[in-house]
Amino acid sequence: MISNQILQNTIDGLKGITRIDLCIIDTEGKVLAATFQDADSYVAAALAFVESPADSQVFLGCQFFKVFDEHQLEYILLANGDSDDVYMVGKIASFQIQNLLVAYKERFDKDNFVKNLLLDNLLLVDIYNRAKKLHIEAAQRVVFVIEVSGKKDGVVMETVKNLFASSTVDFITEVDEKSVILVKDVREIPTEAGLANLAEVIVDNLQTEAMVKVRVGYGNRVEMLQDIARSYQEARMALEVGSIFYVEANTISYANLGIGRLIYQIPISLCEMFLQEVFGEKIPEMFDEETTITINKFFENNLNISETARQLYVHRNTLVYRLERIEKALGLDIRTFEDAMLFKIALMVISNMNYQKGAREKEKEEKE
């Protein structure tokens, strides 16, 4: 569980303080770390010591110690020498490695617990029993899902960990190959603006330090541990809805999905029925660039013809002509509020249908 490098660093530090050579061998006779050259010559003696009922003994001029992980023998530690000082140093080293085992196991158990919380794999009674054992307290939390564009590597995880290294109540984990998940204690972030700012900080740091493009979706605040799964699902939904309706946004909050949340949950059959009511048989699939820019700019300016014409650098009459051409093609006069609202919703429904159909085709291809 503990990496060989961590073990090596530990005994190197102890040797630097005590000037006594140390060696760690696993129960199969593999030398994991050593501060002297001929450690392999002690392997046979270490394997014999494994079968011994003693927890420590002197052999071949060395002190041998057993290091246990909850009554399971994990390592054999050698301290080079047989004096009382060497025995004391060996006991200290054994105690240090024992504590490392406990710490690493607890960290592993916490990560496993958080993953199961996110995926809603635990019964309520198990959640609180395990949380008590792992010293995880109830707190107000929000789940942030950091979705990586392209291939994810270890740099992304390390960068996120470094951002929140000082916190002992936040959890950072992974449940798939495309994203990193932050379960954040937000008791000191009382406003929604603070959450939005935190999401922006994550995006900016990953773009500048890890050199990757990411999108961050986050759910609502939850107070209870069992509700973390809900915040996680909300964060994932925020990312999915954002990829359909808010493509330019790098951060998406579930609380601010607006009408996109409603449209996303409408069945395809009802979407098709709605579009037929709006457009008849002539459902638009794609507009030319000029028409798309005109429509978007007109909506941005709240249906103000004069301001839209100014920003498009065209005469007012030219813009009116374009809008009349759109009305003729679609049967909707988007200069009126009612038709503009209907058209805007219809465009969002079309985007949702295209996304859902693409997702189904992709899923079908993966199965084949």
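1. Arginine 230 and glutamate 234 sit four residues apart in helix α7 (residues 228-245), which means that about one helical turn separates them. The model is a predicted one. In it, the side chains of arginine 230 and glutamate 234 meet in a salt bridge, at 3.6 Å from N to O. In general, an α-helix has 3.6 residues a turn, so residues three or four places apart point the same way.

2. Helix α7 itself has 18 residues and reaches 26 Å from its first C-alpha to its last, close to the 26 Å expected at 1.5 Å a residue. The helix is mostly covered, with 13 of its 18 residues buried.

3. Strands β6 (residues 141-148) and β8 (residues 179-185) pair in the antiparallel sense over seven bridges. Within that pairing, valine 142 has lysine 184 in β8 as its bridge partner.

4. Another open sheet of five strands has the order β2-β1-β5-β4-β3, and here the pairing is antiparallel. Its edge strands are β2 (31-34) and β3 (56-59), each of which pairs on one side only. The twist from one strand to the next averages 20°. Helix α1 (residues 4-18) packs on the sheet and touches β1 (22-26), β2 and β5 (72-80); the direction of α1 makes about 30° with that of β2. Helix α2 (residues 43-51) lies across β1, β2, β3, β4 and β5, running at about 50° to β4. Strands β3 and β4 (residues 62-69) are paired in the antiparallel sense over four bridges. Phenylalanine 59 stands opposite cysteine 62 in β4.

5. Serine 52 is found in the loop between α2 and β3. Serine 52 has a relative accessible area of 17%, and it counts as buried because the cut-off for that class is under 20%. A polar atom of the serine 52 side chain lies 3.1 Å from the backbone nitrogen of alanine 54. Not counting residues up to four places away in sequence, serine 52 touches Gln57 and Lys66.

6. The salt-bridge count comes to 17. Glutamate 300 counts as exposed, at 55% relative accessibility.

7. Arginine 335 and glutamate 324 also form a salt bridge, with the closest N and O atoms 3.9 Å apart. Arginine 335 lies in the loop between α12 (316-330) and α13 (337-367) and glutamate 324 in helix α12, so the pair ties together parts that are 11 residues apart in sequence. Both ends are partly exposed: arginine 335 has a relative accessible area of 28%, and glutamate 324 is at 40% relative accessibility. A network of salt bridges links Glu324, Glu327, Asp333 and Arg335. The 3.9 Å separation between arginine 335 and glutamate 324 should be read against the cut-off, within 4 Å.

8. Asparagine 352 is placed in helix α13. At 0% relative accessibility, asparagine 352 is buried. Leaving aside neighbours within four places in sequence, the residues in contact with asparagine 352 are Ile244, Phe245, Ile263, Tyr264, Ile266 and Cys271.

Key:
Residues numbered from 1 in each chain as written. Predicted model: local features only at pLDDT ≥ 70, side-chain atom pairs only at ≥ 80, totals over all residues. Heavy atoms only, no water. Pairing = 2+ DSSP bridges. Helix = DSSP H or I, 4+ residues; strand = E, 2+ residues; numbered from the N terminus. Axes fitted to C-alpha atoms, helices over the stretch in contact; angles between N-to-C directions. Contact = heavy atoms within 4.5 Å. Buried < 20%, exposed > 50% of the residue type's maximum accessible area, 1.4 Å probe, protein only. Polar contact = N/O pair within 3.5 Å; in protein donor to acceptor, adjacent residues only side chain to side chain. Expected span 1.5 Å × (residues − 1).
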